[in-house]
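Here's a quick tour of a protein model, written to be read with the coordinates open. Have a look at the fold, then read on.

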Amino acid sequence: MKAWESIINTAMLGTDKPTPAIADLPEEVALIANVIEASAGLDKEERYLQKAAVIYNYRQSGFVPFQKNDLPANKAPAETRPYCSPEAAGVLNAILGEENDQLLQLWLMQCCKSGQLLLPDVLPVVFEKAQKEMALRKVVIECSGNRGVWLSKMNLMWNWFTTIADEELWQMGTPAQRSEILKSLRLSEPAKALEWLQQTWEQENAAGKLELLKAMKVNSNANDLPWLEGLLNEKGQKVKDEALALLKSISGSSVVKQYQQLLRESVSLKKEKALLGLTTKTSIQIKLPAVVDESIYKSGIEKLSGPKSTVTDENYVVYQLISSVPPAFWEDQFEATPIQIVEYFEKYAPAMVPALANAVAKFGQKNWVPFFLGQNMFYPDFVEMLSGREQEKYLLKALSSDPQNTIAHAIRISDEWGTEFAVSALLKMANWPYEYNRGFFTRYISLVPVGALKHVENITSQQVNLQPAWDKTRNHLINLLNLKQQTLKAFNA
């Protein structure tokens, strides 16, 4: 349309240039343009804009959409599972309005667990959420049904909906995808995961090698040792450091054996007769050999404790070594049981008890954990090694003396807190409402049980000036817990 070209030119060059002539306009538009031109109250700019609006709308109305009558029908297959109830759908809409991924994941998991499906109208919104949050994708796929599979093909951004074989993803995936595949395979088939990595190792760049080695921390074991030992000759220092760190976490590696040998020479349990042979005097003696192999220090053991430390350099070295060997080493060294070993360290070398606890956590020796629970010291790494009531008891004990540190470690737990601990923790949090704020509970609402709901309203801050801030946070928490409770109720959980 020639008139539209004139409109564009005038927009770029100014209204002093000629505007569309009436003769250039279609008859229907010309009638309206004449009315605009005859309006005495309009200046030339206003006449131009009004005519431009009329011409633009006329032009848009004239387009005819592309038509193709022989396109095949494209319908989603019928569903074999029922849709969720209206009540559950209502709760989901409230959760989406709250923009809380933790509650969304809970809702989706409950939906899948009950064998139900998302309603069709909410699928695009949930897909967009899962597009941003990878942790949601698996459960979204499970409760989207046949319509979800069908709809995912309409948007290239939803290509994650199509499952790709692990081996194909390992060969063709992004670095992040390959790392996740390796971690997953390490859980079920560690030997196969090692084989895959060995096959592609020479083709990996330095950054890729480093990330994939970090994935090998999952289920690391003695079968990995020959290959890992060889990586100590790699060119990249970061890769060598990561390989060494892995070796130090596996019993039986050359570096752990080296540490054990030095400890055999440095730490001993002495039992001597005293009082005319009527009693036995027991002690732990610590003394490094006059000459220590320098490779010990090159492996990461620090030689000096530091100028401000109250610990001697010798004891500092031994502390690091004890932290770096499996606790079972002491069963042979002291010819004693685990409970006896812990008692010996408590009585005769109390400064080394935390080092022994570090070793228990590092090598995952859960059977040793109960022997440390009676101590006053809090060992954060033990939290995830305990389960059920023992975990809650341990957290409750630590909470009274060091609340913020305890909470910082409690949020690392994957399972929901017990009600008793949750309420006790909330009582402490009320005194720091700016730290434990709305954002905090938005991120960690999955940990707070619904059972805490009836207690929350009565929790107040001990400082009057902080109460208004806590009130806002508490109201937000109550809302989130109500949504959590409604979700469970909607699926009869």
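## Tyr-344 and helix H19

Tyr-344 is buried, with a relative accessible area of 15%. You'll find Tyr-344 in helix H19, and this is a predicted model, so read what follows with that in mind. Which residues does Tyr-344 touch once its neighbours within four places in sequence are set aside? The contacts are Leu-269, Lys-271, Thr-282, Ile-284, Phe-334, Ala-336 and Ala-349. Leu-480 is another story: it sits 136 residues along the chain from Tyr-344, and their C-alpha atoms are separated by 49 Å.

Now turn to helix H6, residues 123–132, where Leu-123, Val-126, Phe-127 and Ala-130 are buried. Their arc around the axis is only 105 degrees, so they lie on the same side of H6. What covers them? Among the elements over the buried residues of H6 are H5, helix H7 (137–142) and helix H8 (145–152).

Further along is helix H23, made of residues 419–429, with Phe-421, Ala-422, Val-423, Ala-425, Leu-426 and Met-429 as its buried residues. The cover over those residues includes helix H21 (388–401), helix H22 (403–410), helix H24 (438–444), helix H25 (453–456) and helix H26 (467–490).

Is Glu-242 buried or exposed? Glu-242 is buried, at a relative accessible area of 10%. This residue belongs to helix H14, which runs over residues 237–247. Neighbours within four places in sequence aside, Glu-242 is in contact with Leu-210, Leu-213, Lys-214 and Lys-217.

The other two glutamates sit in loops. Glu-99 is in the loop between helix H4 (86–98) and helix H5 (101–113), and Glu-335 is in the one between helix H18 (329–333) and H19. Neither is a glycine, yet Glu-99 has a positive phi of about 55 degrees and Glu-335 has a positive phi of about 50 degrees. Glu-99 counts as exposed at 58% relative accessibility, and Glu-335 is exposed too, with a relative accessible area of 74%.

## The whole chain

Zooming out, the protein has 26 helices and two strands. Along the principal axes, the C-alpha atoms fill a box of roughly 130 × 60 × 55 Å.

Buried residues make up 42% of the 493 residues. Of the contacts in the protein with a separation of 6 or more, 63% are accounted for by residues 24 or more positions apart. The protein exposes about 27,900 Å², and carbon and sulfur atoms supply 53% of that area. As for charge, there are 52 positive and 56 negative charges, and their mean positions are 3 Å apart.

Terms used
Residues are numbered from 1 along each chain as its sequence is written. This is a predicted model: local features need pLDDT of at least 70, side-chain atom pairs count only at pLDDT 80 or more; totals for chains, interfaces and linings use all residues. Side-chain values use heavy atoms; hydrogens and water are left out. Helices (H or I, at least four residues) and strands (E, at least two) are DSSP runs, numbered from the N terminus. Buried means under 20% relative accessible area, exposed over 50%, partly exposed in between (1.4 Å probe, protein chains only). Contact means heavy atoms within 4.5 Å. Accessible areas come from the Shrake-Rupley method with a 1.4 Å probe; for residues, only the protein chains shown count as cover. Lys and Arg count as positive and Asp and Glu as negative; His and the chain ends are not counted. The place of a charge is taken as NZ of Lys, CZ of Arg, CG of Asp or CD of Glu. The arc is that of the directions from the helix axis to the C-beta atoms.
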